[in-house]
Amino acid sequence: MLRSILRAATATSLKPHSWTLQSSPIPTPPPPPPQYSFSSARNYSVKNAKPTTATKGKKGKFNKSGEDAAPAEVDAAVSEAQARARRLAMDEKDPTLDVGPNGLPLFTSTPSLSLLSRKDTCSYFKFSMESLKSALPEGLPTGMVKEFEDSLRPALLVRQSFLDLRDNFRRIVDPPLTLSPSKGPKLRKQVVLDGPVSCGKSIALAMLVHWARDEGWLVFYVPRGRDWTHGGFFYKNPNTGLWDTPLQAENVLKDFLKWNESHLKQLPCQINDPIPLGEGAGVGQLKDVDNMAMPEGSTLYDLVNTGIKHTHAAVGVVVRLRKELSLVKNIPVLIAIDQYNSWFTFSEYEEAVKVHSRRPVHARELTMVNAFRSMMHDDMMVGAFSHSTAVGKLRKDLPDVPEDARVNCPRYTLDEAASVCHYYLRQRLVQHEVFSEENWKKVYYLANGNGSEMRGLVPFMRQST
(Lines give C-alpha, C1' and ligand atoms only; values in the text may rest on other atoms or scores of the structure.)
Protein backbone atom coordinates (compact mmCIF):
# COMPACT_ATOMS: atom_id res chain seq x y z
CA MET A 1 0.00 0.00 0.00
CA LEU A 2 2.79 2.43 0.97
CA ARG A 3 4.75 1.59 -2.17
CA SER A 4 1.76 2.36 -4.41
CA ILE A 5 1.27 5.76 -2.76
CA LEU A 6 4.95 6.67 -3.31
CA ARG A 7 4.80 5.62 -6.96
CA ALA A 8 1.75 7.81 -7.55
CA ALA A 9 3.40 10.83 -5.89
CA THR A 10 6.55 10.39 -7.96
CA ALA A 11 4.62 10.13 -11.17
CA THR A 12 2.67 13.25 -10.37
CA SER A 13 5.83 15.33 -9.61
CA LEU A 14 7.33 14.44 -12.98
CA LYS A 15 4.42 15.88 -14.96
CA PRO A 16 5.47 19.19 -16.63
CA HIS A 17 3.89 22.57 -15.74
CA SER A 18 1.76 21.23 -12.91
CA TRP A 19 2.03 22.16 -9.22
CA THR A 20 0.09 20.78 -6.24
CA LEU A 21 -0.45 22.32 -2.85
CA GLN A 22 -2.65 20.51 -0.31
CA SER A 23 -4.31 18.58 -3.18
CA SER A 24 -5.57 21.87 -4.74
CA PRO A 25 -4.49 22.68 -8.29
CA ILE A 26 -2.82 26.04 -8.87
CA PRO A 27 -2.51 27.73 -12.25
CA THR A 28 0.90 27.57 -13.84
CA PRO A 29 2.78 30.83 -13.07
CA PRO A 30 4.50 32.75 -15.86
CA PRO A 31 8.27 32.32 -16.17
CA PRO A 32 10.30 34.89 -14.18
CA PRO A 33 11.95 37.84 -15.93
CA PRO A 34 15.48 37.11 -17.10
CA GLN A 35 17.09 39.60 -14.75
CA TYR A 36 15.82 37.83 -11.62
CA SER A 37 17.04 34.55 -10.20
CA PHE A 38 14.90 32.91 -7.54
CA SER A 39 16.51 30.54 -5.08
CA SER A 40 13.36 29.82 -3.05
CA ALA A 41 9.89 31.06 -2.37
CA ARG A 42 11.09 33.27 0.54
CA ASN A 43 14.63 34.19 -0.42
CA TYR A 44 15.48 35.97 -3.66
CA SER A 45 18.06 38.40 -4.93
CA VAL A 46 18.09 41.04 -7.63
CA LYS A 47 20.91 41.00 -10.15
CA ASN A 48 21.73 43.39 -12.95
CA ALA A 49 18.69 45.51 -12.14
CA LYS A 50 19.08 48.95 -13.69
CA PRO A 51 17.73 51.88 -11.70
CA THR A 52 15.03 53.97 -13.20
CA THR A 53 15.42 57.63 -13.93
CA ALA A 54 13.62 58.55 -10.70
CA THR A 55 16.07 56.61 -8.55
CA LYS A 56 19.25 57.83 -10.17
CA GLY A 57 21.33 60.33 -8.25
CA LYS A 58 24.76 61.36 -7.14
CA LYS A 59 26.91 59.71 -4.57
CA GLY A 60 26.69 60.62 -0.89
CA LYS A 61 23.24 59.48 0.28
CA PHE A 62 20.88 56.54 -0.24
CA ASN A 63 17.41 56.56 -1.75
CA LYS A 64 14.53 54.28 -0.79
CA SER A 65 15.88 51.35 -2.81
CA GLY A 66 19.23 51.54 -1.03
CA GLU A 67 21.11 53.03 -3.98
CA ASP A 68 23.73 55.76 -3.67
CA ALA A 69 21.85 58.93 -4.62
CA ALA A 70 22.64 62.24 -2.85
CA PRO A 71 20.24 65.16 -3.42
CA ALA A 72 21.43 67.46 -6.14
CA GLU A 73 20.67 70.53 -4.03
CA VAL A 74 23.19 69.47 -1.37
CA ASP A 75 25.94 69.18 -3.95
CA ALA A 76 24.88 72.48 -5.47
CA ALA A 77 25.03 74.21 -2.08
CA VAL A 78 28.55 72.91 -1.47
CA SER A 79 29.65 73.99 -4.92
CA GLU A 80 28.10 77.43 -4.41
CA ALA A 81 29.92 77.92 -1.09
CA GLN A 82 33.23 76.88 -2.65
CA ALA A 83 32.66 79.17 -5.61
CA ARG A 84 31.85 82.06 -3.26
CA ALA A 85 35.06 81.47 -1.31
CA ARG A 86 37.07 81.49 -4.55
CA ARG A 87 35.45 84.70 -5.71
CA LEU A 88 36.14 86.38 -2.36
CA ALA A 89 39.78 85.34 -2.57
CA MET A 90 39.99 87.00 -5.96
CA ASP A 91 38.18 90.10 -4.64
CA GLU A 92 41.01 90.69 -2.16
CA LYS A 93 43.14 91.86 -5.08
CA ASP A 94 40.68 94.66 -5.88
CA PRO A 95 40.61 97.32 -3.11
CA THR A 96 37.99 99.32 -5.00
CA LEU A 97 35.37 96.86 -3.76
CA ASP A 98 35.90 97.90 -0.12
CA VAL A 99 33.38 100.73 -0.31
CA GLY A 100 30.69 101.34 2.26
CA PRO A 101 27.63 103.62 2.24
CA ASN A 102 28.10 107.09 0.71
CA GLY A 103 31.42 105.99 -0.78
CA LEU A 104 33.15 105.81 2.59
CA PRO A 105 35.80 103.15 3.30
CA LEU A 106 34.24 99.91 4.48
CA PHE A 107 37.25 98.86 6.58
CA THR A 108 39.18 100.99 9.02
CA SER A 109 42.92 101.36 8.63
CA THR A 110 43.44 101.72 12.39
CA PRO A 111 45.82 98.90 13.42
CA SER A 112 44.62 98.20 16.98
CA LEU A 113 41.55 98.31 19.20
CA SER A 114 43.30 100.81 21.45
CA LEU A 115 43.62 103.41 18.68
CA LEU A 116 40.03 103.23 17.46
CA SER A 117 38.17 106.53 17.73
CA ARG A 118 34.79 108.01 16.85
CA LYS A 119 35.80 108.43 13.19
CA ASP A 120 36.15 104.64 12.92
CA THR A 121 32.55 103.91 13.91
CA CYS A 122 30.37 102.21 11.32
CA SER A 123 33.46 100.66 9.72
CA TYR A 124 34.82 97.16 10.07
CA PHE A 125 37.94 96.17 12.00
CA LYS A 126 39.87 93.23 10.58
CA PHE A 127 41.16 90.62 13.02
CA SER A 128 43.78 87.94 12.63
CA MET A 129 42.35 84.60 13.71
CA GLU A 130 45.71 83.61 15.19
CA SER A 131 45.95 86.73 17.33
CA LEU A 132 42.26 86.53 18.24
CA LYS A 133 42.52 82.97 19.51
CA SER A 134 45.74 83.87 21.29
CA ALA A 135 44.14 86.84 23.08
CA LEU A 136 40.96 84.89 23.90
CA PRO A 137 42.16 81.32 24.58
CA GLU A 138 39.14 80.68 26.82
CA GLY A 139 36.96 80.65 23.69
CA LEU A 140 35.13 83.02 21.35
CA PRO A 141 31.47 84.02 21.79
CA THR A 142 28.98 82.07 19.71
CA GLY A 143 27.75 85.20 17.95
CA MET A 144 31.28 86.14 16.91
CA VAL A 145 31.98 82.67 15.53
CA LYS A 146 28.70 82.68 13.59
CA GLU A 147 29.47 86.10 12.11
CA PHE A 148 32.88 84.93 10.92
CA GLU A 149 31.48 81.72 9.42
CA ASP A 150 28.67 83.40 7.48
CA SER A 151 30.73 86.34 6.21
CA LEU A 152 33.87 84.27 5.56
CA ARG A 153 36.01 86.97 7.13
CA PRO A 154 37.19 87.65 10.72
CA ALA A 155 35.99 91.25 10.94
CA LEU A 156 33.63 93.09 13.30
CA LEU A 157 31.75 96.36 13.14
CA VAL A 158 33.21 99.18 15.24
CA ARG A 159 30.32 100.46 17.33
CA GLN A 160 30.12 103.51 19.53
CA SER A 161 28.77 101.36 22.37
CA PHE A 162 32.05 99.42 22.45
CA LEU A 163 34.14 102.60 22.36
CA ASP A 164 32.17 104.02 25.30
CA LEU A 165 32.70 100.81 27.27
CA ARG A 166 36.42 100.76 26.49
CA ASP A 167 36.91 104.44 27.30
CA ASN A 168 35.05 104.03 30.60
CA PHE A 169 37.65 101.58 31.93
CA ARG A 170 40.52 103.39 30.25
CA ARG A 171 39.69 106.62 32.09
CA ILE A 172 39.46 104.72 35.39
CA VAL A 173 43.02 103.44 35.03
CA ASP A 174 44.47 106.46 33.25
CA PRO A 175 42.37 109.58 33.97
CA PRO A 176 42.86 112.34 31.36
CA LEU A 177 44.54 115.49 32.66
CA THR A 178 42.49 117.88 30.52
CA LEU A 179 39.06 116.60 31.55
CA SER A 180 37.48 117.51 34.84
CA PRO A 181 35.83 114.56 36.65
CA SER A 182 32.70 116.64 37.18
CA LYS A 183 32.31 117.50 33.47
CA GLY A 184 33.07 114.15 31.92
CA PRO A 185 30.76 111.12 31.74
CA LYS A 186 30.22 109.18 34.92
CA LEU A 187 32.74 106.42 35.36
CA ARG A 188 31.60 102.96 36.45
CA LYS A 189 33.96 100.39 37.89
CA GLN A 190 31.16 97.83 37.81
CA VAL A 191 29.12 97.44 34.61
CA VAL A 192 26.33 95.06 33.65
CA LEU A 193 25.73 94.91 29.88
CA ASP A 194 22.03 94.48 29.25
CA GLY A 195 19.83 94.82 26.20
CA PRO A 196 17.64 92.91 23.75
CA VAL A 197 18.54 89.65 22.06
CA SER A 198 21.40 89.80 19.53
CA CYS A 199 22.44 93.36 20.29
CA GLY A 200 26.15 92.45 20.60
CA LYS A 201 26.70 92.23 24.37
CA SER A 202 28.95 89.16 24.27
CA ILE A 203 30.93 90.49 21.31
CA ALA A 204 31.47 93.85 23.05
CA LEU A 205 32.69 92.04 26.17
CA ALA A 206 35.10 89.87 24.17
CA MET A 207 36.48 92.92 22.37
CA LEU A 208 36.93 94.65 25.72
CA VAL A 209 38.90 91.67 27.05
CA HIS A 210 41.01 91.66 23.88
CA TRP A 211 41.76 95.36 24.28
CA ALA A 212 42.59 95.07 28.00
CA ARG A 213 45.01 92.23 27.38
CA ASP A 214 46.64 94.19 24.57
CA GLU A 215 47.15 96.94 27.15
CA GLY A 216 48.88 94.49 29.51
CA TRP A 217 46.07 94.10 32.03
CA LEU A 218 45.42 91.02 34.14
CA VAL A 219 41.98 89.81 32.99
CA PHE A 220 39.89 87.08 34.58
CA TYR A 221 37.59 86.18 31.65
CA VAL A 222 34.69 83.72 31.85
CA PRO A 223 33.05 83.40 28.40
CA ARG A 224 30.49 80.82 29.60
CA GLY A 225 29.23 81.67 33.07
CA ARG A 226 26.47 79.09 32.73
CA ASP A 227 29.10 76.33 32.93
CA TRP A 228 29.61 77.29 36.58
CA THR A 229 26.04 76.22 37.39
CA HIS A 230 25.62 73.15 35.19
CA GLY A 231 27.30 69.77 34.89
CA GLY A 232 30.07 68.03 36.79
CA PHE A 233 30.21 66.93 40.41
CA PHE A 234 28.73 68.95 43.27
CA TYR A 235 29.12 68.45 47.01
CA LYS A 236 27.84 70.34 50.00
CA ASN A 237 30.67 71.72 52.08
CA PRO A 238 29.81 71.14 55.77
CA ASN A 239 32.09 74.01 56.84
CA THR A 240 30.50 76.70 54.66
CA GLY A 241 27.07 75.30 53.85
CA LEU A 242 27.75 76.06 50.17
CA TRP A 243 28.07 73.64 47.27
CA ASP A 244 31.51 72.91 45.82
CA THR A 245 31.99 72.15 42.11
CA PRO A 246 35.61 70.95 41.81
CA LEU A 247 35.50 70.04 38.13
CA GLN A 248 34.41 73.54 37.12
CA ALA A 249 37.03 75.00 39.45
CA GLU A 250 39.80 73.08 37.72
CA ASN A 251 38.63 74.21 34.27
CA VAL A 252 38.42 77.84 35.40
CA LEU A 253 41.98 77.75 36.73
CA LYS A 254 43.29 76.17 33.53
CA ASP A 255 41.61 78.84 31.41
CA PHE A 256 42.91 81.62 33.64
CA LEU A 257 46.46 80.31 33.25
CA LYS A 258 46.39 80.25 29.44
CA TRP A 259 46.89 83.98 28.88
CA ASN A 260 47.95 85.31 32.29
CA GLU A 261 50.83 82.94 33.09
CA SER A 262 53.56 85.57 32.65
CA HIS A 263 51.70 88.05 34.89
CA LEU A 264 50.97 85.48 37.59
CA LYS A 265 54.62 84.45 37.90
CA GLN A 266 55.49 88.03 38.87
CA LEU A 267 52.72 88.56 41.43
CA PRO A 268 53.35 87.24 44.96
CA CYS A 269 50.58 85.82 47.12
CA GLN A 270 49.53 88.35 49.77
CA ILE A 271 47.36 86.01 51.88
CA ASN A 272 49.26 83.45 53.91
CA ASP A 273 46.32 81.54 55.38
CA PRO A 274 46.13 77.83 54.49
CA ILE A 275 43.75 76.83 51.70
CA PRO A 276 40.70 74.89 52.92
CA LEU A 277 40.21 71.50 51.26
CA GLY A 278 36.92 70.01 50.15
CA GLU A 279 35.80 66.97 48.26
CA GLY A 280 37.61 66.21 45.02
CA ALA A 281 36.01 65.47 41.67
CA GLY A 282 34.70 61.94 42.11
CA VAL A 283 37.15 60.98 44.87
CA GLY A 284 35.48 62.30 48.02
CA GLN A 285 37.07 63.96 51.04
CA LEU A 286 40.60 63.41 52.33
CA LYS A 287 40.80 61.82 55.75
CA ASP A 288 42.24 63.83 58.65
CA VAL A 289 43.29 66.71 56.32
CA ASP A 290 41.28 69.95 56.30
CA ASN A 291 43.62 72.47 54.67
CA MET A 292 46.79 72.93 52.66
CA ALA A 293 49.49 75.49 53.42
CA MET A 294 51.16 77.39 50.59
CA PRO A 295 54.98 77.62 50.77
CA GLU A 296 56.44 80.96 51.75
CA GLY A 297 57.19 83.18 48.78
CA SER A 298 54.59 81.55 46.53
CA THR A 299 53.30 83.45 43.54
CA LEU A 300 49.80 83.54 42.09
CA TYR A 301 51.09 81.12 39.47
CA ASP A 302 51.95 78.66 42.22
CA LEU A 303 48.52 79.17 43.75
CA VAL A 304 46.69 78.45 40.50
CA ASN A 305 48.88 75.42 39.79
CA THR A 306 48.06 74.02 43.21
CA GLY A 307 44.35 74.07 42.40
CA ILE A 308 44.97 72.36 39.06
CA LYS A 309 47.15 69.58 40.49
CA HIS A 310 45.11 68.90 43.65
CA THR A 311 41.41 68.43 42.98
CA HIS A 312 40.55 68.73 46.69
CA ALA A 313 41.98 72.26 46.70
CA ALA A 314 40.52 73.47 43.39
CA VAL A 315 37.45 75.24 44.79
CA GLY A 316 39.39 76.71 47.70
CA VAL A 317 42.02 78.08 45.29
CA VAL A 318 39.33 79.77 43.15
CA VAL A 319 37.92 81.47 46.26
CA ARG A 320 41.41 82.51 47.37
CA LEU A 321 42.21 83.78 43.89
CA ARG A 322 39.24 86.13 44.03
CA LYS A 323 40.59 87.64 47.24
CA GLU A 324 44.10 87.89 45.82
CA LEU A 325 42.91 89.71 42.71
CA SER A 326 41.46 92.46 44.89
CA LEU A 327 44.91 93.01 46.42
CA VAL A 328 46.84 93.34 43.14
CA LYS A 329 48.00 96.90 42.66
CA ASN A 330 50.92 96.57 40.25
CA ILE A 331 48.80 96.17 37.13
CA PRO A 332 45.13 96.81 36.35
CA VAL A 333 42.83 93.86 37.01
CA LEU A 334 39.54 93.30 35.17
CA ILE A 335 36.96 90.61 35.91
CA ALA A 336 34.79 89.89 32.85
CA ILE A 337 31.86 87.45 33.07
CA ASP A 338 29.67 86.51 30.12
CA GLN A 339 26.26 84.87 30.70
CA TYR A 340 26.29 86.74 34.01
CA ASN A 341 22.51 86.40 34.34
CA SER A 342 22.94 82.65 34.88
CA TRP A 343 24.26 83.47 38.36
CA PHE A 344 20.94 84.98 39.48
CA THR A 345 18.71 81.98 38.94
CA PHE A 346 18.59 78.30 39.87
CA SER A 347 21.38 75.93 38.93
CA GLU A 348 21.07 72.46 37.48
CA TYR A 349 21.74 70.85 40.86
CA GLU A 350 19.22 69.56 43.36
CA GLU A 351 19.44 68.65 47.03
CA ALA A 352 17.65 65.57 48.34
CA VAL A 353 15.30 66.74 51.11
CA LYS A 354 13.24 63.57 51.57
CA VAL A 355 13.06 60.22 49.87
CA HIS A 356 10.78 61.53 47.11
CA SER A 357 11.51 65.25 47.39
CA ARG A 358 14.32 67.41 45.98
CA ARG A 359 15.09 71.09 46.36
CA PRO A 360 16.65 73.07 43.49
CA VAL A 361 19.96 74.69 44.40
CA HIS A 362 20.21 78.41 43.62
CA ALA A 363 23.34 79.72 41.91
CA ARG A 364 24.19 81.90 44.91
CA GLU A 365 24.58 78.71 46.97
CA LEU A 366 27.50 77.56 44.81
CA THR A 367 30.86 78.36 46.35
CA MET A 368 32.51 79.77 43.22
CA VAL A 369 29.51 81.84 42.15
CA ASN A 370 29.19 83.17 45.69
CA ALA A 371 32.81 84.31 45.57
CA PHE A 372 32.66 86.08 42.18
CA ARG A 373 29.07 87.25 41.70
CA SER A 374 29.03 90.32 43.91
CA MET A 375 29.84 93.74 42.45
CA MET A 376 29.72 95.51 45.80
CA HIS A 377 33.45 96.24 45.86
CA ASP A 378 36.02 98.61 44.38
CA ASP A 379 37.36 96.25 41.69
CA MET A 380 36.78 96.69 37.98
CA MET A 381 34.18 94.16 36.88
CA VAL A 382 31.87 93.81 33.89
CA GLY A 383 29.19 91.18 33.34
CA ALA A 384 27.18 90.60 30.17
CA PHE A 385 23.68 89.16 30.08
CA SER A 386 23.12 86.42 27.52
CA HIS A 387 19.53 85.76 26.53
CA SER A 388 20.55 82.58 24.70
CA THR A 389 20.82 80.87 28.09
CA ALA A 390 17.06 81.39 28.55
CA VAL A 391 17.09 81.99 32.30
CA GLY A 392 14.03 84.24 32.22
CA LYS A 393 13.61 87.93 32.87
CA LEU A 394 15.38 89.21 35.98
CA ARG A 395 14.26 92.05 38.18
CA LYS A 396 15.84 95.43 37.68
CA ASP A 397 17.39 95.74 41.15
CA LEU A 398 19.67 92.71 41.27
CA PRO A 399 21.21 91.68 44.61
CA ASP A 400 24.91 92.45 45.04
CA VAL A 401 24.85 94.79 42.01
CA PRO A 402 25.01 98.62 42.21
CA GLU A 403 21.85 100.41 41.12
CA ASP A 404 23.56 102.34 38.31
CA ALA A 405 25.64 99.44 37.00
CA ARG A 406 23.30 98.44 34.17
CA VAL A 407 24.17 99.74 30.70
CA ASN A 408 21.80 99.01 27.82
CA CYS A 409 23.46 97.91 24.59
CA PRO A 410 21.39 99.12 21.62
CA ARG A 411 20.66 97.19 18.48
CA TYR A 412 21.93 98.47 15.14
CA THR A 413 21.11 102.05 14.27
CA LEU A 414 20.19 102.92 10.69
CA ASP A 415 23.75 104.09 9.96
CA GLU A 416 25.22 100.91 11.43
CA ALA A 417 22.76 98.81 9.43
CA ALA A 418 23.83 100.54 6.23
CA SER A 419 27.46 99.58 6.89
CA VAL A 420 26.47 96.04 7.85
CA CYS A 421 24.45 95.47 4.67
CA HIS A 422 27.19 96.92 2.46
CA TYR A 423 29.65 94.63 4.22
CA TYR A 424 27.49 91.60 3.47
CA LEU A 425 27.30 92.80 -0.14
CA ARG A 426 31.10 92.94 -0.18
CA GLN A 427 31.22 89.40 1.22
CA ARG A 428 28.80 88.18 -1.47
CA LEU A 429 25.99 87.22 0.87
CA VAL A 430 23.68 89.10 -1.49
CA GLN A 431 23.82 89.71 -5.23
CA HIS A 432 24.65 93.14 -6.61
CA GLU A 433 21.68 93.00 -8.98
CA VAL A 434 19.11 93.01 -6.17
CA PHE A 435 20.96 95.17 -3.65
CA SER A 436 19.45 98.61 -3.15
CA GLU A 437 18.86 101.12 -0.40
CA GLU A 438 15.18 100.25 -0.40
CA ASN A 439 15.90 96.56 0.03
CA TRP A 440 18.46 96.82 2.82
CA LYS A 441 16.18 99.19 4.72
CA LYS A 442 13.41 96.62 4.44
CA VAL A 443 15.76 94.07 5.99
CA TYR A 444 16.66 96.48 8.77
CA TYR A 445 13.05 97.24 9.69
CA LEU A 446 11.95 93.63 9.39
CA ALA A 447 14.70 92.53 11.80
CA ASN A 448 14.23 95.61 14.03
CA GLY A 449 18.02 96.02 14.15
CA ASN A 450 18.64 92.45 15.31
CA GLY A 451 22.10 91.62 13.96
CA SER A 452 21.61 87.89 13.75
CA GLU A 453 18.27 88.22 11.94
CA MET A 454 19.66 90.76 9.50
CA ARG A 455 22.47 88.41 8.58
CA GLY A 456 19.90 85.70 7.90
CA LEU A 457 17.56 87.93 5.88
CA VAL A 458 20.09 89.66 3.63
CA PRO A 459 20.51 86.69 1.24
CA PHE A 460 16.74 86.76 0.57
CA MET A 461 16.74 90.19 -1.08
CA ARG A 462 14.70 90.19 -4.28
CA GLN A 463 14.41 92.59 -7.20
CA SER A 464 11.77 95.21 -6.53
CA THR A 465 8.75 94.99 -8.84
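How many residues lie between strand 16 and strand 17 in the hairpin they form? There are 2 residues between them.

What we have is a predicted model, in which local features need pLDDT of at least 70 and side-chain atom pairs count only at pLDDT 80 or more, while totals for chains, interfaces and linings use all residues. Residues are numbered from 1 along each chain as its sequence is written, and side-chain values use heavy atoms, with hydrogens and water left out.

First, the whole protein. Its secondary structure comes to 13 helices and 19 strands; these are DSSP runs numbered from the N terminus, H or I with at least four residues for helices, E with at least two for strands. Of the 465 residues, 42% are buried. Buried means under 20% relative accessible area, exposed means over 50%, and partly exposed is in between, with a 1.4 Å probe and protein chains only. Among contacts with a separation of 6 or more, 69% are between residues 24 or more positions apart; a contact means heavy atoms within 4.5 Å.

Strand 16 covers residues 346-354 and strand 17 covers residues 357-362; they run antiparallel and are joined by 5 bridges. Two strands count as paired if DSSP finds at least two bridges between them. Phe346 has His362 in strand 17 as its bridge partner.

Next, a sheet. In general, strands of a sheet pair through backbone hydrogen bonds, either parallel or antiparallel. The one here is an open sheet of 5 strands with parallel pairing, in the order 10-15-18-9-19. Strand 10 (218-222) and strand 19 (406-408) are the edge strands, each pairing on one side only. On average, neighbouring strands of this sheet are turned by 20° against each other, direction ignored. Strand 9, residues 190-194, pairs with strand 19 in the parallel sense over 3 bridges. Leu193 has Val407 in strand 19 as its bridge partner.

Now a helix pair. How are helix 8 and helix 9 oriented to each other, roughly parallel or roughly antiparallel? Helix 8 (residues 300-309) and helix 9 (residues 314-327) pack at an angle of about 155°, and their axes are 8 Å apart. The axes are lines fitted to C-alpha atoms over the stretch in contact, and angles run from 0 to 180 degrees between N-to-C directions. The two helices are therefore roughly antiparallel to each other, since angles over 145 degrees count as such, under 35 as roughly parallel, 65 to 115 as roughly perpendicular and the rest as oblique. On the helix 8 side, Leu300, Leu303, Val304, Thr306 and Gly307 meet Ala314, Val317, Arg320, Leu321 and Glu324 in helix 9.

His210 sits in helix 6, residues 201-214. It counts as buried, at 8% relative accessibility. Apart from neighbours within four places in sequence, His210 contacts Leu113, Phe127, Ser131, Leu132, Ala135 and Leu136.

Asn102 is in the loop between helix 2 (72-91) and strand 7 (124-126). It is not a glycine, yet has a positive phi of about 60°. Asn102 is exposed, with a relative accessible area of 79%.

Arg428 lies in the loop between helix 11 (414-426) and helix 12 (437-447). Its phi is also positive, near 60°. At 31% relative accessibility, Arg428 counts as partly exposed.
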